[in-house]
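Good morning, and thank you for making time for this presentation. Please look at the sequence and the structure together as I speak.

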Amino acid sequence: MQGNLTPKPNPLSRSAYYRAVPEEFVVECPYCGEHVDLYVEADVNGSFIQDCEVCCNPWRVRVSGRGAQRTVLVTRADGSE
């Protein structure tokens, strides 16, 4: 992690951290293991599919909670989960 980031482990993911802005997270790709910045708008809750910026494999991103209590869980979305 770089700069003035304040890591806060996400209890649902091996590697999801809040940044200074509650909409930004650093997540670990469940395929390639790379850490990727993920922006999730404040009003988003539920799940959506997004491809990894590094390996292009599909993620299922699950967002729950509000404000500082938001959690993000990233899992495989290829049918193997």
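This is a predicted model: local features need pLDDT of at least 70, side-chain atom pairs count only at pLDDT 80 or more; totals for chains, interfaces and linings use all residues.

Six bridges connect E5 to strand E6 (residues 71-76), and E5 and E6 run antiparallel. Two strands are taken as paired if DSSP finds at least two bridges between them.

Residues are numbered from 1 along each chain as its sequence is written, and side-chain values use heavy atoms, with hydrogens and water left out.

The pLDDT is the predictor's confidence in each residue, from 0 to 100. For the protein chain its mean is 80, and 72% of the residues reach 70 or more. Over residues 1-15 the pLDDT is below 50, and this stretch has 27 contacts in the model beyond near neighbours in sequence; a contact means heavy atoms within 4.5 Å.

Let me return to the sheet. In E6, Leu73 is the bridge partner of Arg62. E5 and E6 form a hairpin with six residues between them, and Gly65 in that turn has a positive phi of about 85°.

On the E4 side, six bridges join strand E4 (residues 46-51) to E5, again in antiparallel fashion. Phe48 stands opposite Val61 in E5, and Ile49 has Arg60 as its bridge partner. E4 and E5 also form a hairpin, with six residues between them.

What is the order of the strands in the open sheet? The order is E4-E5-E6, three strands with antiparallel pairing. E4 and E6 stand at the edges with a single partner strand each, so one side of each has no neighbour in the sheet. From one strand to the next, the twist averages 25°, where axes are lines fitted to C-alpha atoms, for helices over the stretch in contact, and angles run from 0 to 180 degrees between N-to-C directions.

In a regular strand the side chains alternate between the two faces of the sheet. Strand E5 (residues 58-64) has Trp59, Val61 and Val63 on a covered face, and Pro58, Arg60, Arg62 and Ser64 on an uncovered one.

**Loop residues and cysteines**

Asn45 lies in the loop between strand E3 (35-39) and E4. Asn45 is partly exposed, at 45% relative accessibility; buried means under 20% relative accessible area, exposed over 50%, and partly exposed in between, with a 1.4 Å probe and protein chains only. Leaving aside residues up to four places away in sequence, Asn45 touches Val63, Ser64 and Gly65. Asn45 and Ser64 are 19 residues apart in sequence, yet 5.4 Å apart in space, C-alpha to C-alpha.

Cys56 is in the loop between E4 and E5. Its phi is near 70°, a positive value in a residue other than glycine, and Cys56 is exposed, with a relative accessible area of 54%.

How many disulfides are there? A disulfide is counted as a pair of cysteine sulfur atoms within 2.5 Å, and the count by this rule is zero. For Cys32, which is in no disulfide, the nearest cysteine sulfur is that of Cys29, 3.7 Å away. Cys52 is likewise in no disulfide, and its nearest cysteine sulfur, that of Cys29, is 3.7 Å away. Cys32 is partly exposed at 33% relative accessible area, whereas Cys52 is buried at 3% relative accessibility.

Methods. Helices (H or I, at least four residues) and strands (E, at least two) are DSSP runs, numbered from the N terminus.
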